[in-house]
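Colleague: Hey, I'm new to this one. Can you walk me through a bit of it?
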Amino acid sequence: MSIFSKLTEKPWLAQPAGALDQGLIEYQPSSPGKTGLKFFIAVVTVIFFLFSVTYLSRSQYADFQALGGEPWSPLYQPIWLWVNTGWLLMASLSLHFAVGQVSEDKINRLLGLLTLSVIFSLFFIFGQWSVWQQLSLQGFVINSNPANSYFYMLTAIHGLHLLGGLFALARVLVIFSRKVKLDILQRSLVLCAWYWHYLWLLWLFIFALLTASPSTYNTIAAWCGL
């Protein structure tokens, strides 16, 4: 149905037979899984947005001058954070390509891509844990500086969401092992791929936020009126 005909229709007049049925056929509600994922992503986005606002607000406190450096002392950009970003990107791409391999004659490719996605995701989680260990050995402990506390908190929450995604992906593998209909398997994979794409984009935002320079914080805080 075109936009023009939709705007010009007169619902108070008697409708021809079959018009109501046609409208019901055209209306195709979203699947519960897709709706639930969108709602969950919206909630997570709001939570991280609020954390970001408090992070920028805390960076403007003058008590950081007592530390002998800049008013806000963000962590430097360790090379392993870039490597971990690559691992998560590879996991996301593996799931993306896996969606296109759902067919009877591509089962081996599908299983291989799913396995790669799990491995790359575990590499990311292990890499984040390794960065924590390195920073702790260098004196960047969680209670030494509020900037450090935010780093550990945000990366931990992001990692927990990725672990939750791995449990969902494990459910997809169970569906795969039961040899259910391929359309059901594909719908589940599409949702997992969307979630992994979102987690990668969210990590890029967290990465940029946590490793930005103090001048960048001051500029953004000024724009936000903090």
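This is a predicted model: local features need pLDDT of at least 70, side-chain atom pairs count only at pLDDT 80 or more; totals for chains, interfaces and linings use all residues.

Colleague: At what angle do the axes of α5 and α7 cross, and within what distance do they come?

Modeller: The axes of α5 (residues 107–137) and α7 (residues 182–210) cross at roughly 30 degrees and come within 13 Å. That angle is under 35 degrees, so α5 counts as roughly parallel to α7.

Colleague: Which residues of α5 and α7 meet?

Modeller: On the α5 side you have Leu110, Leu114, Ser117, Ser121, Phe124 and Gln128, and they meet Leu185, Leu189, Trp196 and Trp203 of α7.

Colleague: Switching topic: which side chain does Asn84 join in a polar contact?

Modeller: That's Gln128, at 2.8 Å. Asn84 itself is in helix α4, which runs over residues 79–99.

Colleague: And is Asn84 buried or exposed?

Modeller: Buried, because its relative accessible area is 0%, and the cut-off for buried is under 20%. Beyond its neighbours within four places in sequence, Asn84 is in contact with Phe123, Phe124, Gly127, Gln128 and Val131.

Colleague: Which residues does the "transmembrane region" annotation cover?

Modeller: The unreviewed UniProt entry puts that annotation on residues 39–59, 79–98, 110–130, 150–176 and 188–210.

Colleague: How far apart are the end C-alpha atoms of 110–130, and what about 150–176?

Modeller: For residues 110–130 they lie 30 Å apart, and that span is 100% helix. For residues 150–176 the end C-alpha atoms are 39 Å apart, again with 100% helix and 0% strand.

How values were computed: Residues are numbered from 1 along each chain as its sequence is written. Side-chain values use heavy atoms; hydrogens and water are left out. Helices (H or I, at least four residues) and strands (E, at least two) are DSSP runs, numbered from the N terminus. Buried means under 20% relative accessible area, exposed over 50%, partly exposed in between (1.4 Å probe, protein chains only). A polar contact is a pair of N or O atoms within 3.5 Å; within protein, one must be able to donate a hydrogen and the other to accept it, and residues adjacent in sequence count only if both atoms are side-chain atoms. Contact means heavy atoms within 4.5 Å. UniProt positions are given in the numbering used here, feature names are shortened, and annotations may be inferred rather than shown by experiment. Axes are lines fitted to C-alpha atoms, for helices over the stretch in contact, and angles run from 0 to 180 degrees between N-to-C directions. Angles under 35 degrees count as roughly parallel, over 145 as roughly antiparallel, 65 to 115 as roughly perpendicular and the rest as oblique.
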